[in-house]
Amino acid sequence: MIMGKSINTVILGTGSYIPQNIISGNEFLNSTFFENGNRLEKENAEIIHKFSEITEIVERRYACPEQLSNHIGAKAAEKAIENAGIDKETLDYIIFCHNFGDIPLNSNRSDILPSLASKVKQYLGIHNPDCVAYDLIFGCPGWVQGAIQADYYIKSGDAKRVMVIGAETLSRIIDPHDRDSMIFSDGAGAVIFGAEESAAQKGILAHKTETHAVNYGNLLTMGKGSHPDETSGNFYLKMNGRKLYEFAVVQVPQVIKKAIDKAGLSVEDINIVFVHQANGKMDTAIMKRLFKLYGKDVVPENLVPMTISWLGNSSVATVPTLLDLVLKEQVKGYKVKAGDVAVFASVGAGMHINAFVYRF
């Protein structure tokens, strides 16, 4: 380390893969939805309309039949390496964040042997044995936690370049008879973090993670299908949407504030927020609560870019995909410049909450 300079964890490159299959609400018009063993009496058109009002989701993306999570993660990784302009052999770590591994279409069976990170390393043709590839399972906040782990590796001196991938094919694990399944989608994002010595404080400034398992660990689980005649024995992604919403709106702002405070900043210093795309109205409520913690009643315009209306909730992939799209100015009205301060935050199964503060 040069005198007067410190090691900063900075973003070197980003990439994302957005599946081409666009699934509109009309795709669910012929679905049969059940709740507590009883078929919902409302017409599907009304159910779909109400769902869109609550979540702000109009469309979502599904992977092609032959694609697995490691495939779309590798595509995002290739783009990130190209964007960073680095030799792939110089990567010290590949961290693949997911929850369900590779699930072939119509199988409902997970494959995580070898790890998805190892599959991506093999696909990329990285020969360097010192490039360590492993998976991270941390619910929807997985990618944010992977970025935090990258920061630890880099600032300890153990690594100079770490690629963190977030990819999921949730369309393979959802219950077709559960209306909540309309939330979920497929996608992948990848970010390469690198070490940069500088006298200026930049990159990841501070972070905070919490796990609320005792009282809230059952808000997102795997469970039996909603159809009363289900006999496959398959388990599907299940959530207690109302309680999850209430939990997130109260707890997430507090964790974000702890990260901002730890960085020695105030909410007024934040130029952009990359928040997990779980539910449009929930994210809006989280931001309002965050600003109230600082005694402010108004959230500034153009602070929180959103992609949930057309990409849905792709779990670990939402934040890195959103970042990639904003950096490449593909989200209307949003871009970042040198010196801007961002918050990255997520919440999900565990229940985990995390956030980090970043200066571009």
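The following legends describe close-up views of a predicted model.

In this predicted model, local features need pLDDT of at least 70 and side-chain atom pairs count only at pLDDT 80 or more, while totals for chains, interfaces and linings use all residues. Residues are numbered from 1 along each chain as its sequence is written, and side-chain values use heavy atoms, with hydrogens and water left out.

**View 1**
An open sheet of mixed pairing is built from five strands in the order β1-β9-β8-β6-β7. Helices (H or I, at least four residues) and strands (E, at least two) are DSSP runs numbered from the N terminus, and two strands pair if DSSP finds at least two bridges between them. At the edges stand β1 (6-17) and β7 (132-136), each pairing on one side only. From one strand to the next, the twist averages 20°. Axes are lines fitted to C-alpha atoms, for helices over the stretch in contact, and angles run from 0 to 180 degrees between N-to-C directions. Helix α2 (residues 69-84) packs on this sheet, where it touches β1, β6 (93-97), β8 and β9; contact means heavy atoms within 4.5 Å. The direction of α2 makes about 125° with that of β1. Helix α8 (residues 318-327) lies across β1 and β9 and runs at about 90° to β1.

**View 1. The pairing of β8 with β9.**
Strands β8 (residues 161-169) and β9 (residues 186-198) run antiparallel and are joined by nine bridges. Within this pair, R161 stands opposite G194 in β9.

**View 2. The four-stranded sheet.**
Four strands in the order β10-β15-β14-β13 form an open sheet with mixed pairing. Because β10 and β13 stand at the edges with a single partner strand each, one side of each is left without a neighbour in the sheet. Neighbouring strands of this sheet are turned by 15° against each other on average, direction ignored. The antiparallel pair β10 and β15 has eight bridges, and T211 stands opposite H352 in β15. Between β13 and β14, which run parallel, there are four bridges; V275 stands opposite A345 in β14, and F274 has F344 as its bridge partner. Helix α4 (residues 142-156) lies across β10, β14 and β15 at about 55° to β15, and α8 lies across β13 and β14 at about 145° to β13.

Eight of the eight residues of β14 are buried, that is, under 20% relative accessible area, as against over 50% for exposed and in between for partly exposed (1.4 Å probe, protein chains only). In a regular strand the side chains alternate between the two faces of the sheet. In β14, V341, V343, A345 and V347 point one way, and A342, F344, S346 and G348 point the other way. β14 and β15 pair in the antiparallel sense over eight bridges, with V357 in β15 as the bridge partner of V343. Three residues lie between the two strands of this hairpin, and G350 in the turn has a positive phi of about 150°.

**View 3. The nonpolar cores.**
The largest nonpolar core comprises 56 residues; such a core is a set of buried Ala, Val, Leu, Ile, Met, Phe, Trp, Tyr and Cys residues joined through side-chain atoms within 4.5 Å. Among the residues with the most contacts inside it are I256, I260, V273, M282, V343, V347 and V357. Helix α5 gives the most to this core, with nine residues. I260 touches L265, S266, V267, I270, Y294, V343 and V357, not counting residues up to four places away in sequence. Apart from this core lies another of 37 residues, including I11, I95, V191 and V331.

**View 4. D151 in helix α4.**
D151 has its place in helix α4. This residue counts as buried because its relative accessibility is 4%. D151 touches T9, I204 and H207, not counting residues up to four places away in sequence.
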